[in-house]
Amino acid sequence: MPVGYLISVAVIAAVTLCALAPPRRPRPLAGLSFRLGLLLTEAPVLGGYWLLASTLTAFAQGDIATPAAWAVFGVAALTGAGLVVIARRGLRAAPVLERALAEGLGPDRRAAAGAGQERRPGRRRRLVRALLAPVPLRRRDVERIPNLRYGDAGRRNLLDVYRHRSRPVGGPVLIHLHGGGYRQGRKNTQSLPLLYRLASRGWVCVSADYRLKPAARHPDHLVDLKRVIAWVRAHGPEYGADPSRLFVAGSSAGGHMAALAALTPNDAVLQPGFEDADTSVTAAVCLGGYFGPYYDDDSSSSPAAHVRADAPPFLIVHGDRDTVVPVTEARRFAGTLRTASASPVVHAELPGAQHAFDLFPSVRFEAVVDAVEKFADRVLRGR
């Protein structure tokens, strides 16, 4: 029995199962499955490479010679089929997002006119991304200016600015807040492909840290985001930004914060010491966002409690296999927002996606970045 091959196949098979069908209960098992399966959920090709290398090595060494060894090979073949299913789910993200944009914003005639020229390069790019993911491809035309101070809370009140090296002026702004359940997380770990893509297109992107539990609690985190918005209004032009075109985005807890900020503009209670600052935003982007109340707080800490007719446009993207924040929460919030708001609400559910799908530059997240760019373009043109 090829013990090394058995161990490799067993590990890959177990992780593939976690990515293919993550359990929702009990919570400890669901959490473990989420952590084990996240990488292969976004980059199944890595599991495929490992599986193929292990299998070829076993055959080359003559290890596949007994019924037990052939049984292990059969498990490897089934695992490979599971990885193909995961990969196909990732490739389905692009058409799902296109349909969501069309339903939320209407057909884009300008984009349709040039679709024939863009279709083939887009497919080639997605294929390359599928084969290389999750290898990060940093853009040399983008510079990152780290650790600028926006508040008085030490290292938790620092932000990074991403901009094109040519230093254009008048670029739209995207502020991104990381996730982590308000307990953990860092500004330079999540949605990096989104920040680099927009910065390479002339945007000025800001990724900020904020105060975390247990030292802080609601609404301290939200106050920090509003401080970031006020900082961009005051200092953004120094970095080439046009603060009148300001998008706020977030992942998981950051999505909760972004939604709250978009729905509570210029609320003096949430702007202690900077009550006169303009904290309104052009639009909000929520990636795997949480939309319920903040831990044990009452319903007023939920974004749904602040929906309003004059809410800005929203793009809500969620994984349909999210075991951390069930997709039903995003679906419910999008429905509530559509009922109240006069602005567009785009809601997309990504096939096969787990929570934290923006951690890796995968083929799925590449499609999400495309969708954010198209959403922002349509919103800005609509203004």
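**Salt bridges, sheet and surface of the predicted model**

Arg381 is partly exposed, with a relative accessibility of 35%. The model is predicted. In it, Arg381 forms a salt bridge with Asp108, and the closest N and O atoms are 2.8 Å apart. Asp108 lies in the loop between H5 and helix H6 (109–113), while Arg381 belongs to helix H12 (residues 363–382), so the pair ties together parts 273 residues apart in sequence.

The count of salt bridges comes to 18. Another of them joins the side chains of Glu143 and Arg167, at 3.4 Å from N to O. This pair also links distant parts of the chain, 24 residues apart: Glu143 sits in strand E1, and Arg167 in the loop between strand E2 (158–164) and strand E3 (171–177). Glu143 counts as buried because its relative accessibility is 12%, under the 20% limit. Arg167 is exposed, at 51%.

Asp278 and Arg233 meet in a salt bridge as well, at 3.4 Å from N to O. Asp278 lies in the loop between helix H10 (253–263) and strand E6 (283–287), and Arg233 in helix H9 (residues 220–235); 45 residues separate them. Asp278 is partly exposed, with a relative accessibility of 35%. Arg233 is partly exposed too, at 22%.

A network of salt bridges links Arg197, Arg201, Glu366, Asp370 and Glu373. Arg197 is one of the buried residues of H8. Helix H8 (residues 192–200) is mostly covered, with eight of its nine residues buried. Among them are Leu192, Leu194, Leu195 and Leu198. Gly202 follows H8 and has a positive phi, near 100°.

Eight strands form an open sheet with mixed pairing, in the order E1-E2-E4-E3-E5-E6-E7-E8. Strand E1 (142–149) and strand E8 (345–350) stand at the edges; each has a single partner strand, so one side of each is left without a neighbour in the sheet. On average, neighbouring strands are turned by 20° against each other, direction ignored. Strand E7 (residues 314–319) pairs with E8 in the parallel sense, over six bridges. Leu315 stands opposite Val346 in E8. Helix H5 (residues 93–105) packs on the sheet and touches E7 and E8; its direction makes about 160° with that of E8. Helix H11 (residues 327–340) also packs on the sheet and touches E7 and E8, at about 165° to the direction of E8.

Helix H1 (residues 3–20) gives the largest share, three residues. Ile7 is found in this helix.

Note on methods. Residues numbered from 1 in each chain as written. Predicted model: local features only at pLDDT ≥ 70, side-chain atom pairs only at ≥ 80, totals over all residues. Heavy atoms only, no water. Pairing = 2+ DSSP bridges. Helix = DSSP H or I, 4+ residues; strand = E, 2+ residues; numbered from the N terminus. Axes fitted to C-alpha atoms, helices over the stretch in contact; angles between N-to-C directions. Contact = heavy atoms within 4.5 Å. Buried < 20%, exposed > 50% of the residue type's maximum accessible area, 1.4 Å probe, protein only. Salt bridge = Lys/Arg side-chain N within 4 Å of Asp/Glu carboxyl O.
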